[in-house]
Amino acid sequence: MSNSNAIANGVAGAGGGIIAQIITYPLQTVNTRQQTERIAKKGVFESQRKASSGSSSNTLVQIIQVIKTEGWGGLYSGLKPSLFGTAASQGIYYYFYQLFKNKAEAIALARKHKGRGDGTLGIFSWLLVAALAGSLNVLLTIPIWVLVTRMQTHTQAERKIMEGKKEALMREASESSSGSTLHEKLAQLDSIKPRPYGTWHAACEVYSEAGVTGFWKGIIPTLIMVCNPSIQFMIYESSLKHLRAKRAAGKLGLKSVSALEVFLLGALAKLGATVSTYPLLVVKSRLQAKQEIGGNISLRYSGTIDAIIKMIRYEGFPGFYKGMSTKIVQSVFAASVLFMVKEELVKAYTKLAVKSQKLLSNCQWYHHAALCKRIAALKTEGWCTFFS
């Protein structure tokens with residue numbers, strides 16, 4: 001039964017994650033671009049600050065800009081691998097989370113029988129269960145998210161590369177004083193059409209840059225970020241447990257929790273987790289994105305420690321919280337939808353399982369009654385009637 005429960009939670013988690021991902025994906029795309037945008041502090045790399053001054057930090061304005069320059073497709077860059085990644089991540093996470101949770105609860109009950117504890121899981125147990133499930137999820141699915149980040153920031157990287165080429169042409173023209181040639185070369189650059197960039201192109205690009213290890217870029221901050229779902233599920237499970245206990249202690253003795261209440265609990269849980277781990281998310285996104293986005297060589301990173309040091313040195317601590325307001329809205333809404341859909345799917349599965357069990361019991365009762373009738377016939381009419 002516990003394995004069946006784990007499978008149900010895995011499938012429900014995958015379904016809820018896909019729906020939440022489709023609804024909030026435009027916010028996720030804009031947020032990834034906000035995180036990977038690198039603007040140095042005042043007085044540092046002034047030319048880059050001027051080049052980046054035209055970009056707005058307002059989420060709604062950025063969404064409109066993407067629609068104008070790239071169309072609606074720009075907001076959904078990398079959606080296909082993202083949906084696959086969401087289904088895989090949520091399915092793997094919930095499956096292992098439920099398995100480890102069942103094991104932890106069994107250990108807690110065994111300890112209770114030995115006179116140790118009250119049979120319930122403490123905060124440390126919740127954190128450990130979520131951390132184990134999260135670590136397995138990260139190790140198995142991070143290559144998918146590297147490709148998604150590349151696809152979401154591809155236009156941004158190409159724009160930076162183009163700006164670098166134009167600056168180089170302008171410097172060259174100022175040294176040689178050939179204005180007409182400059183206009184021709186700039187017009188030639190502007191006439192270059194963007195190349196198609198899909199999942200396969202992103203995979204080839206990552207492999208050509210760093211080989212197989214490139215698909216695990218940002219693994220260190222991502223593994224540390226396992227504490228995000230740990231905190232999230234600790235808050236969610238504790239709040240849900242408290243609410244159910246409070247409901248059960250009421251006059252009506254109801255333990256059922258409504259979809260709206262699950263939605264609000266999910267929002268609260270994700271809000272607390274996001275605020276505490278956001279800097280790691282920024283570092284991860286910057287490592288996974290194409291390093292040309294940095295423009296200046298000093299704003300390109302070779303690893304996690306290098307990224308943290310350069311961000312502190314050239315951008316200051318505010319750089320670690322770029323786009324956090326967008327992420328909070330996206331994450332809280334996505335988590336709320338995910339939990340609500342997951343709980344409803346699990347409820348539907350439970351009801352279906354109960355009905356199936358009753359149907360099976362009825363069938364067994366029917367066959368048992370038929371067998372009893374045959375045996376009664378045997379006693380009165382003999383063996384021939386029984387085998388007829």
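Reply: Rings of Phe, Tyr and Trp (its six-membered ring) count as a pair if their centres lie within 6.5 Å; planes under 30 degrees apart are stacked, over 60 edge-to-face, and the rest tilted. By this rule there are nine aromatic pairs. The model is predicted: local features need pLDDT of at least 70, side-chain atom pairs count only at pLDDT 80 or more, and totals for chains, interfaces and linings use all residues. Residues are numbered from 1 along each chain as its sequence is written, and side-chain values use heavy atoms, with hydrogens and water left out.

Take Tyr93. Its ring centre lies 6.0 Å from that of Tyr94, with the planes at 85°, so this pair is edge-to-face. Tyr93 also pairs with Tyr97, and that pair is stacked: 5.8 Å between centres, 15° between planes. Tyr93 and Tyr97 are four residues apart in helix α5, so about one helical turn separates them. (Helices are DSSP runs of H or I, at least four residues; strands are runs of E, at least two; both are numbered from the N terminus.) Tyr93, Tyr94 and Tyr97 form one aromatic cluster.

A cavity is a set of points on a 1 Å grid over the protein atoms alone where a 1.4 Å probe fits but cannot get out; lining residues have an atom within 4 Å of a point. The largest cavity has 44 lining residues, and Gln90, Trp145, Met225, Lys270 and Lys327 lie nearest its centre. Among the elements giving two or more residues to this lining is α5 (79–113).

Conventions
1 Å grid on protein atoms, 1.4 Å probe; cavity = no way out; pocket = protein on both sides within 12 Å on 5 of 7 lines; lining within 4 Å.
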